Amino acid sequence: MLNNVRVVLVNTSHPGNIGGAARAMKNMGLNQLVLVDPVRFPDPDANSRASGADDVLSNARIVATLDEAIADCTLVMGTSARDRRIPWPVVDPREAADMVLDHAALPEAQIALVFGREDSGLTTDELQRCQYHVHIPSMPDFSSLNLAAAVQVLAYELRMQGLQREGAPTKMHKVETTAVFNEIPATAGELEQFYQHLEQVLVEIGFHDPQKPRQLLPRLRRLYGRVHLNRMEMNILRGILTETQKAIGVKAAGERRS
C-alpha cells in the first residue's frame, strides 16, 4: 500500500540526517526517497546512520527543486511546526496517514511527504505547494523535532494504519491473559487469614505496634484489595510470611545461645 508514497527531504544540510531518515523509512516499509538539493550526498555519514537501509540511499533520487520532486504527485503533504499567515488545511500525523492510505488506493496515485531543512523547515513558498500541512503535536516550548524523528513519526502512523486496514497484527505476540484470569481468586475468608498472618508477622518483626496502629493495617488492606489477589498469589504471600517467622525464630535462637 505504500509503494506509491515518497519521502521528500528538502535541502538537508547533514548527511547523517538523510541516513537516519532512510532507516526510519525502511523500518516502516517506505522505500522511495527523493532529495532536493542536499548539501552533502552521497556521504559515508549517511550510510553509517542508515544502519542497513543502504538500498533506500542507493535508490534515492536527487533533484534540484521541490517542483521537480513533486511534479507527478497527486497528493502533497508538507510538514510544518509553525503557524503561517495564510490559513491552510492542517492535519496531525494520524489524520495524514488516513488520508494518504485513502489516496494511495486511487488509480495512478503518487503521494509526497515533504520535510524541510533541519534549522528552518519549509519556506512559505514551499508549503504553498502542498495541499495539506502536517503538524506533529509536540510540546509548544520544545516543538522542533530531529528530521529523522519527524520522518519516523509519519512513517509509523502509515505503517500502523496500513496494518490495521489489512487486518494484520500490530503486535509481535498476543498477550496471554486467559491463564491469569482463569486462576481462582482468593476468597474473603482467605484474605482475612492472610491479614491476620500479616499482622502477626509485622508485630513479631517490630514493624507494627498494636498500641499505636497509625492506620497501618487498613492501609495495607486497601493496598492488597486493589490487587485482587488470586489463590496462587495468596499462597506465595503466606509462604513469605511463614519463612519470615522461621528466620526470626532462628535468629532468636542464635541470640539466646550466644
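Before counting anything, I wrote down that a salt bridge is a side-chain nitrogen of Lys or Arg within 4 Å of a carboxyl oxygen of Asp or Glu. I also noted that this is a predicted model.

Entry on R6 and D72. I looked up R6 and saw that its salt-bridge partner is D72, with 2.8 Å between the closest N and O atoms. The two lie in distant parts of the chain, 66 residues apart, since R6 belongs to strand β1 (residues 5-10) and D72 to the loop between α4 (66-70) and β4 (75-79). Is R6 buried or exposed? I noted a relative accessible area of 3% for R6, which is buried, whereas D72 has 43% and is partly exposed.

Entry on D55 and K26. Here I found a salt bridge between the side chains of D55 and K26, at 3.0 Å from N to O. This pair also links distant parts of the chain, for D55 sits in helix α3 (residues 54-58) and K26 in helix α1 (residues 15-27), 29 residues apart. I recorded D55 as partly exposed at 34% relative accessibility, and K26 as partly exposed at 40%.

Entry on D102 and R165. The closest N and O atoms of the salt bridge between D102 and R165 are 2.8 Å apart. I traced D102 to helix α5 (residues 93-104) and R165 to helix α7 (residues 147-166), distant parts of the chain that are 63 residues apart. D102 is partly exposed, with a relative accessible area of 44%, and R165 is partly exposed as well, with 36%.

Entry on the whole protein. I listed 11 helices and seven strands. How does the radius of gyration of the protein compare with what the globule rule gives? It is 30 Å, well over the 18 Å that the rule gives for 258 residues, so I wrote that the protein is more spread out than a compact globule. Along the principal axes, its C-alpha trace spans about 90 × 45 × 40 Å. I noted too that 38% of the 258 residues count as buried. Among contacts between residues at least 6 apart in sequence, 82% join residues at least 24 apart.

Last entry, on charge. The mean positions of the 28 positive and 31 negative charges are 10 Å apart.

Note on methods. Residues are numbered from 1 along each chain as its sequence is written. This is a predicted model: local features need pLDDT of at least 70, side-chain atom pairs count only at pLDDT 80 or more; totals for chains, interfaces and linings use all residues. Side-chain values use heavy atoms; hydrogens and water are left out. Helices (H or I, at least four residues) and strands (E, at least two) are DSSP runs, numbered from the N terminus. The radius of gyration is taken over C-alpha atoms; the globule rule is 2.2 Å times the number of residues to the power 0.38. Buried means under 20% relative accessible area, exposed over 50%, partly exposed in between (1.4 Å probe, protein chains only). Contact means heavy atoms within 4.5 Å. Lys and Arg count as positive and Asp and Glu as negative; His and the chain ends are not counted. The place of a charge is taken as NZ of Lys, CZ of Arg, CG of Asp or CD of Glu.
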